[in-house]
Amino acid sequence: MKLFGTAGIRGTLWKKVTPELAMNIGKAMGTYIDGETVAVARDGRTSSVMLQSALISGLLSTGTEVIDFGLIPTPTLAWGTRRHADGGVMITASHNPPTDNGIKVFNGDGTEFYVEQEGELEELVFSGNFRKAQWDEIKTVKAMDIIDDYMGAVLDFVNHETSLKVLYDGANGAGSVLAPYLLREMGARVISVNAHVDGHFPGRKPEPRYENIAYLGELARTLGVDLVIAQDGDADRIAVFDEKGQYVNEDTLIALFAKLYVEEHGGGTVVVSIDTGSRIDHVVEKAGGRVVRIPLGQPHDGIKKYGAIFAAEPWKLVHPKFGPWIDSFVTMGLLIKLIDERGKPLSQIIQEEIPTYYLTKKNVKCPDEFKKAVLERAYKALEEKLGGAVKEVLTISGYRFQLKDGSWILVRPSGTEPKIRVVVEAPSEKKRDELFELAYGTVRKAAEDAMKGA
Ligand code: MG
């Protein structure tokens, strides 16, 4: 596929994403979708209105009726699509830089398009075989404000009142129109930063990885809050700091929820992406549940395939009982409920319930044409060196050696850069360092040998 990546269509304006492309996606979607109505929405990027207008034009040209939700977060579009339409399209580049934009496509039940569907839609775009509505078949655009309804649905689902003090950072993204008000409705005392929508992202980069939001730790301590919540540009992702101003590791957040769900259900399957750590397995297995690892970008697929009660990637949590999409609003509501119900500060809950594992990652340079050979060589060498310590090998976008003591080694080719990624995690720093030396050394040697033609 040329257009769709692991998270819809995304790229730099004019280089990849253009109004012409948006119009063609609109035409293709209107032709493809089984139904009459498609919902559209956009994030706060400077190019989003332009792209959304082209998209709507394309949809209308096929005789599709359009509902325009306006500027809202991606989870809200997914929820609104399930409630009001037969399909949904979001104009967003999520956490990418302000120069980028993109398009995400949803089914009538709120799931993101499955990989096969993306392929079919793409084929339609390239074939140009679109439905053309005659003059008396063309429908209209209905504007609809669903923010209050969505907020009500989240509040009903979470069903909890709090008095916690919460610091919120919206990245000047689409979450700003909703999150502070949702938290306030729950009873929280809310302090907001970067919470006016601005497509230039003047406050910080829209990706909520630790390096971009490290300042929130000190701010949390200065303000004396119980919890910090940060979102990405379209507010499906969430990052968290505890009351001490410590960043909560992405796997720890997943483990907290996985544990909660498995305990509630007395078992069940949790699906997580291939790059997540062993603390999740540790708590899930102890609670009588099962962890299944799946490729990146397909939690909705995993839920369907394994009947999962919870699905996640780092920063992206899916609560299937609410809906089969990534939803940071449900996550923040349930996290506050968890803290209140435990009656302890978040740092203490984590310390008592989630084990610590130690992770290191580093890339090995490798031109695309050598990637396959290097992966094969390194696999054989690692298999030999690790021997009886291996519990299981997962082969999803590269491979992951799962060891008996909970350590793991992930070797996977970058999809976008001339690099092979090596990730190691272990229950102690010593074990992590030993394993990393072994794994990184092995992959680097395999790369040198392959390029030499040895
Ligand atoms: Mg996002």
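Colleague: What makes two rings of Phe, Tyr or Trp a pair?

Modeller: Their centres must lie within 6.5 Å. This model is predicted. The structure holds 15 aromatic pairs.

Colleague: How is a pair of aromatic rings described?

Modeller: By the distance of the centres and the angle of the planes. Take Tyr210 and Phe241. Their ring centres are 6.4 Å apart and their planes stand at 40°, so the pair is tilted. Planes over 60 degrees apart would count as edge-to-face, and those under 30 as stacked.

Colleague: Which parts does the pair of Tyr210 and Phe241 tie together?

Modeller: Tyr210 lies in helix α7 (residues 210-213) and Phe241 in strand β11 (residues 238-241), so the pair ties together parts 31 residues apart in sequence. Tyr210 is partly exposed, at 39% relative accessible area. Phe241 is buried, at 0%.

Colleague: Which class does the pair of Tyr379 and Tyr399 fall into?

Modeller: The planes are at 85°, so this pair is edge-to-face; the centres are 4.8 Å apart. The pair links distant parts of the chain, 20 residues apart: helix α14 (residues 371-386) holds Tyr379, and strand β18 (residues 399-403) holds Tyr399. Tyr379 is partly exposed, with a relative accessible area of 23%. Tyr399 has 6%, so Tyr399 is buried.

Colleague: Which residues do ring pairs link into a cluster?

Modeller: Trp79, Tyr150, Phe157, Phe322, Trp325 and Phe329.

Colleague: Where does the charged end of Lys2 sit?

Modeller: Over the ring of Phe126, 5.2 Å from the ring's centre. Arg400 lies over the face of Trp408, and its distance from the ring centre is 3.7 Å.

Methods:
Residues are numbered from 1 along each chain as its sequence is written. This is a predicted model: local features need pLDDT of at least 70, side-chain atom pairs count only at pLDDT 80 or more; totals for chains, interfaces and linings use all residues. Side-chain values use heavy atoms; hydrogens and water are left out. Rings of Phe, Tyr and Trp (its six-membered ring) pair if their centres lie within 6.5 Å; planes under 30 degrees apart count as stacked, over 60 as edge-to-face and the rest as tilted. Helices (H or I, at least four residues) and strands (E, at least two) are DSSP runs, numbered from the N terminus. Buried means under 20% relative accessible area, exposed over 50%, partly exposed in between (1.4 Å probe, protein chains only). A charge sits over a ring if NZ of Lys or CZ of Arg is within 6 Å of the ring centre and within 35 degrees of the ring normal.
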